[in-house]
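Keep the structure open beside you as you read.

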Amino acid sequence: MADQILPTKDWPANAVPSDLIPPGRKRLGWAVMAAATLGLLATILVQILYKSEVDTIGFETWRPVVYAYVLWGVALGIGQVLTRGEDGQRALFLLPALLFTIAMVIFPTLFGFYIALTDWNLSSFSGRRFNGLDNFWQMLADPYYRNALFNMVLYVLAVLVEYVIAFGLALLLNAQIRARKFFRVVFLMPLMLSPVAVSWMVGKSLMEYRFGPAATLARHLGWENPAFFSDPIIARISIMVLDAWTFIPFMMIMLLAGLQAMSREILEAARVDGANAWQTFWQVTFPLMLPVSVTAVILRIIFKLKLADIIITVTSGGPGGATDSVSSFIYREYRDRSNVGYGTMLAMAYLVIIVVFVTWLLKFANRFVRNVN
Amino acid sequence: MSVQTTEYTVSEIRSPASFITSRVFIYGALVFWAFICLFPIYWTLTTSFKSAVDVTQGHLIPFVDFQPDWKGWRSLGLSPDSIFETSTVRDEFFKRFMNSVITSVGASSLAIVIGSLAAYGLTRYRYKFAWFKNEDISFFFLSQLILPPVVLALPFLVLYREVGLLDTRIGLILLYTLMVLPIVIWIMRDQFNSIPVELEEAALVDGLSIWGAFFRIVMPIALPGMVAAFILAMVLCWNEYFFAALLTSTDAKTIPVMVASQTGSQGINWWSMAALATAAIAPLAVIGIALERYLIMGMTAGAVK
């Protein structure tokens, strides 16, 4: 495993070669690592035997295994330094994050794939039962899941509108204005606020049908029946607006940084060449901003794919599942029906879909930026 | 382009009428968007001082439309007249508040420590982990960003129950660390890349070990970046709802979960809801105003080359 981390000796040049380490120290290092590995394996083994009731010695929960893993990580680090000297010290920079992420991601994901293949309802007494691909076939026939996936497409497309608004705001903040810092802080504010609190105060109160100021304003503007969350299409748009409100500042700040990094000379040159503001924007600013724009949009899409808390608090997927995102749908599958096996299958399918989608997106964006520039 | 057009454009920019029009448009748009950003906050704040009638009639301006009252804050036990009395709601609120503080500070600190170390290692040394090289390891860390919480939530629910971490703050801290780690590594990699390697080479020649060089030379320079990453991580952890809603029940419940569970038997008490929402967003609003520079620094790291 990690003892295969072998930093090549490019830098710094004065690194101590590993053959200068006395053999006794090396042996000690190997002994520490071996003892720790044995200890970890023994703990796991004892626990498995105890849980499968072969053995009577063991612990109530699996927590000692976690401690054993942490100790194993520490021992691995010590062993690296003892056996490989400065190379080991370098490996030490990476080791904590690597061990942490592997333990927290790989194991649960594998476990998740196993749960996905079981029929497991927490509220029934029969417990976990392996049922192969049944959940998968059920998923393919589930109109609500398809609907949630379709909604995700719509929500992701809404990012383009957010991008246009964010670009406009970035241009405004980049113009010659007074009180720039004030406006920047104010525009940044929505990003800081808890989406759940915002959902309550904006989604449920400000956009309330009877007394909410947004509804009152809509009535004044001639919309007879301003119900933001009862018609499927309008409900989706309302969710998009709420989400856009919190996340536009994020794209705006990135685009603003891009605008400020652009050299003044190019814009001056465009003006000297006789381009008006419109032409300057489309032929100079926009192409130069393309790499930043692509980064901002992709990051935003990645965040958008996780959209859940606003929908859970404001509409709980309603009316009739019309506003459900995949995450909020799975959340309710678990919360209302305790259907862990099926919910996990949905989540794993979603993971596969978005990994494929984001990979394609990154490739496409790369080619797009290269072709235009 | 002809010379004539040039003169036309220049004169257009300089003509007072069009200058004023563009100024009016720019400031109009700025003020309009500032209103959109601030009105919901204003609404939340004022609603916490309203009584039921004022809420349902949509009154907006204090002292003109309605008489402000400490109603919402009294129900939280935080108004001037109730602050010295015992209040179970206030105790509950402080417990949730402290849970939020502990989990978000704990997770951000842990992520900063292990994230900075990893980012430093990845920018300065070449690793080979089986067939994975530096780029692959970086990609492995950053790719965690696309992992939606919902994928991990159910396996973690089961695992945490087995490990005895369900409804504990440690459990939440570990998950939040995982959530913000890719962002921290992204920011810190950018930071360390901007620090010249020569500084450390000089330190090594002067006899410092590589860890000594990291702590005594590199860390002080990278400190602003660390603050930026820390604050961004804080914001994300403080506002996190999904994991907290699934994995906590009584002990480790955080503020967003408390906010979300405020429907009483007689519908929603808007005033207490608003007071709670205000209390939930106030800390970050203060951080946003005071440390805006660092937030922007964190968000734009790596975006502009």
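## How helix packing is described

Two packed helices are described by the angle between their axes and the distance between the axes. Each axis is a line fitted to C-alpha atoms over the stretch in contact, and the angle runs from 0 to 180 degrees between N-to-C directions. With that in hand, one thing to remember throughout is that this is a predicted model.

## A helix pair inside chain A

Let's begin with helix α3 of chain A and its partner, helix α14 (residues 340-372) of chain A. Their axes lie 7 Å apart, and the two helices pack at an angle of about 125 degrees. Angles of 65 to 115 degrees count as roughly perpendicular and those over 145 as roughly antiparallel, so α3(A) is oblique to α14(A). The crossing of α3(A) past α14(A) is left-handed.

Which residues of α3(A) and α14(A) meet? From α3(A) come Gly112(A), Phe113(A), Ile115(A) and Ala116(A), and they meet Val340(A), Gly341(A), Thr344(A), Met345(A), Ala347(A) and Met348(A) of α14(A). Sorted by class, this contact has 7 nonpolar and 3 polar residues, and no charged ones.

## The two domains of chain A

Chain A is assigned two domains: domain 1 covers 2-116 and domain 2 covers 140-372. Their C-alpha centres are 42 Å apart.

How many residues of domain 1 of chain A are in contact with domain 2 of chain A? There are 4, and they touch 6 residues of domain 2 of chain A. On the domain 1 side of this contact, 3 residues are nonpolar, 1 is polar and none is charged.

## The two domains of chain B

Chain B is also divided into domains, with domain 1 spanning 3-76 and domain 2 spanning 88-300. Taken over C-alpha atoms, the centres of these domains of chain B are separated by 33 Å. The contact between them involves 12 residues of domain 1 of chain B and 12 residues of domain 2 of chain B.

Look now at the side of domain 1 of chain B that touches domain 2 of chain B. The elements giving two or more residues to this side are α2 (16-47) and α4 (71-76) of chain B. Of these, α4(B) gives the most, with 5 residues. By class, this side of domain 1 of chain B has 4 nonpolar, 6 polar and 2 charged residues.

## Where the chains meet

Next comes the contact between the chains. Here 89 residues of chain A are in contact with 83 residues of chain B. Helix α3 (residues 86-116) of chain A gives the most to chain A's side, with 15 residues. That side of chain A divides into 61 nonpolar, 18 polar and 10 charged residues.

One pair joins α3(A) to helix α8 (residues 169-193) of chain B: the axes are 11 Å apart, and the angle is about 110 degrees. That angle makes α3(A) roughly perpendicular to α8(B), and α3(A) passes α8(B) in a left-handed crossing. Ala97(A), Thr101(A), Met104(A) and Val105(A) of α3(A) make the contact with Leu174(B), Leu178(B) and Leu181(B) of α8(B). These residues comprise 6 nonpolar, 1 polar and no charged.

Another pair is helix α7 (residues 195-206) of chain A with α2(B), whose axes come within 10 Å and cross at roughly 85 degrees. The helices α7(A) and α2(B) are therefore roughly perpendicular to each other.

## Annotated spans in chain B

An unreviewed UniProt entry lists "transmembrane region" for several spans of chain B, including residues 139-160 and 172-189. What does the model show for residues 139-160 of chain B? This span is 77% helix and 0% strand, and its end C-alpha atoms lie 27 Å apart.

Residues 172-189 of chain B are 100% helix and 0% strand, with end C-alpha atoms 26 Å apart.

Conventions
Residues are numbered from 1 along each chain as its sequence is written. Chains are lettered from A and ligands numbered from 1 in the order in which they are written. This is a predicted model: local features need pLDDT of at least 70, side-chain atom pairs count only at pLDDT 80 or more; totals for chains, interfaces and linings use all residues. Domain bounds come from an automatic or database domain assignment. Two residues are in contact if their C-beta atoms, placed from the backbone, lie within 7 Å. Helices (H or I, at least four residues) and strands (E, at least two) are DSSP runs, numbered from the N terminus. Ala, Val, Leu, Ile, Met, Phe, Trp, Tyr, Cys and Pro count as nonpolar, Asp, Glu, Lys and Arg as charged, and the others, Gly among them, as polar. UniProt positions are given in the numbering used here, feature names are shortened, and annotations may be inferred rather than shown by experiment. Angles under 35 degrees count as roughly parallel, over 145 as roughly antiparallel, 65 to 115 as roughly perpendicular and the rest as oblique. A crossing is left-handed if the near helix is turned anticlockwise from the far one by less than a right angle, and right-handed if clockwise.
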